[in-house]
Amino acid sequence: SEDDQIRFCDRDNFESLLRIQRTRQRPLVEPKPQSALSPFLAAWQGFGSKAGDDALHDALISLRGYPASAQLWLTDLWHARFTDFSDHQLEHAFDTAELIWYGTGREQFALGYPEDIELLTETEEPAALAELFHDPGARYGFLQLADKQSQGIESFNDDFWRAVWRSEIYCDSLPALRQGSLARYQLSARPPRSRSSRRSRRSAGRLGSGWPGNWLLADRGDETFDPLTELEDNKERARLLLDRYGLLCRELANREGGLARWAAIARALFAMELAGEVVAGYFFSGLSGPQFMTPAGVQRFQRRPASLNYWLNATDPASPCGLGDSDPRLPARRVQNLLSYHAGELALTVENSGRRLCFHVPAEHPELDEICQPLLHLARQRRSISVDTINDEAVSQSPYLAVLSRILTPRRDHRQIHFEVR
């Protein structure tokens, strides 16, 4: 309109008109079954890509803040997404992006930026080791911190990892996470007891350099409550999850938990809808409450679904486990469980690190070798896997045994069959 006069509108009326406009602009889509959610998330997150620097960087940024075990962060996340991934690529991408990692619970971690700690984690009391960081903004080595306290190195190590899991301190080195996970977060040797902290320090020196990397004290910023700031922070949390999933609903937000749970970000999502930043709609059946997508997510949703073949850990952010799906074939959301999809359909579930297998395709399926890729991954990571049952039958009597023996080397004993990489 060429009318340049200033006009006024009641706030509530304007909001109602804006909501009507947004409702009319919502895309008319046919909702897909909840079983299509995991293939949508896998396509959104780039499963099946080559592990180039740009692809790894983009994946790291979109997954930042996701709480998961060290096993998932260091191996399963990347081997599932990239066809030619190697461990050194992850460390290179991590360092290039200048990321850090921090704890989100006992033996649970997230990768991200230092500011993500304040945005995504909660704290109830001051950091227990804060007094060891004489300069709160400086970086310290593990032994530098150990040298500033008086208790034995074993007790300090326990306190140290508790502080990590409470997001009080964080690290800029992935090898520290890898070594900690392999050693069960215990130092590799036990120093003799000593009354002298200096002797304890020298004893720790015989363990090498302790845990590698630089360790920093998390900056919690200003804890003063401000409704406007809280709303903007919740918008940032919602944007982070939308970047990860392309879609947001109650089940996905609550699975993330913490400050990104649904009760915290729902109001922000409605505000973002009014601003045209996200689109509300009914995209997947079986999910409760409103669903929100980014415009790019809607475009992806409206495309003809690709026949995607992929596998993933049950705790992967693209996994359907833990979202209230009623499919009885889905395993528990545990890091020991894996799923394999063929042409977007669930084809294999692996439970308890391979001890229980359930195939959902016939033994004569022409692409069974590809469907069994998570078993090959498990065997490489663990050197061998032991299978007790296949489709609730003894493995020795299963028609799928021939397929497993084709891609892995079987070793029999009097109780079970073990499979190793050829």
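In the hairpin of strand 9 and strand 10, two residues sit between the strands, and Ala343 there takes a positive phi near 55°. Helices (H or I, at least four residues) and strands (E, at least two) are DSSP runs, numbered from the N terminus. The model is a predicted one: local features need pLDDT of at least 70, side-chain atom pairs count only at pLDDT 80 or more, and totals for chains, interfaces and linings use all residues. Residues are numbered from 1 along each chain as its sequence is written, and side-chain values use heavy atoms, with hydrogens and water left out.

Strand 9 (residues 338–342) and strand 10 run antiparallel and are joined by five bridges; two strands count as paired if DSSP finds at least two bridges between them. Across this pairing, His342 stands opposite Glu345 in strand 10. Strand 10 (residues 345–351) is mostly covered, with six of its seven residues buried, where buried means under 20% relative accessible area, exposed over 50%, and partly exposed in between (1.4 Å probe, protein chains only). Strand 10 also pairs with strand 11 (residues 356–359), again in the antiparallel sense, over four bridges. Here Val350 has Leu357 of strand 11 as its bridge partner. The hairpin of strand 10 and strand 11 has four residues between the strands, and in it Asn352 takes a positive phi near 55°.

Now for the chain as a whole. The protein chain has 17 helices and 16 strands, and its C-alpha trace spans about 85 × 65 × 35 Å along the principal axes. Of its 422 residues, 50% count as buried. Contact means heavy atoms within 4.5 Å. Among contacts with a separation of 6 or more, 68% come from residues 24 or more positions apart.

Strand 1 (residues 100–105) and strand 3 (residues 169–171) run antiparallel and are joined by two bridges, and Trp101 stands opposite Cys171 in strand 3.

Four bridges join strand 15 to strand 16 (residues 417–420), and Arg411 stands opposite His418 in strand 16. In helix 16 the buried residues are Pro374, Leu375, Leu376, His377, Leu378 and Ala379. Just after this helix, Arg383 takes a positive phi of about 75°.

Other helices are worth a look as well. Helix 2 (residues 37–44) is mostly covered, as six of its eight residues are buried, Phe40 and Leu41 among them. Gly46 follows helix 2 and has a positive phi, near 80°. In helix 11 (residues 227–245) sits Asn234, which is buried, with a relative accessible area of 8%. Leaving out residues up to four places away in sequence, Asn234 touches Leu259, Ala264, Ile265 and Ala268.

That leaves the largest pocket, with a volume of about 740 Å³. On a 1 Å grid over the protein atoms alone, a pocket is an open set of points with protein on both sides within 12 Å along at least five of seven lines, and lining residues have an atom within 4 Å of a point. Grid points are joined across faces, edges and corners, and a volume is the space filled by probe spheres set on the points. Of the 29 lining residues, the closest to the pocket's centre are Ser69, Ala70, Gln71, Thr75 and Ser181. Helix 4 gives the most to this lining, with five residues.

Conventions. 1 Å grid on protein atoms, 1.4 Å probe; cavity = no way out; pocket = protein on both sides within 12 Å on 5 of 7 lines; lining within 4 Å.
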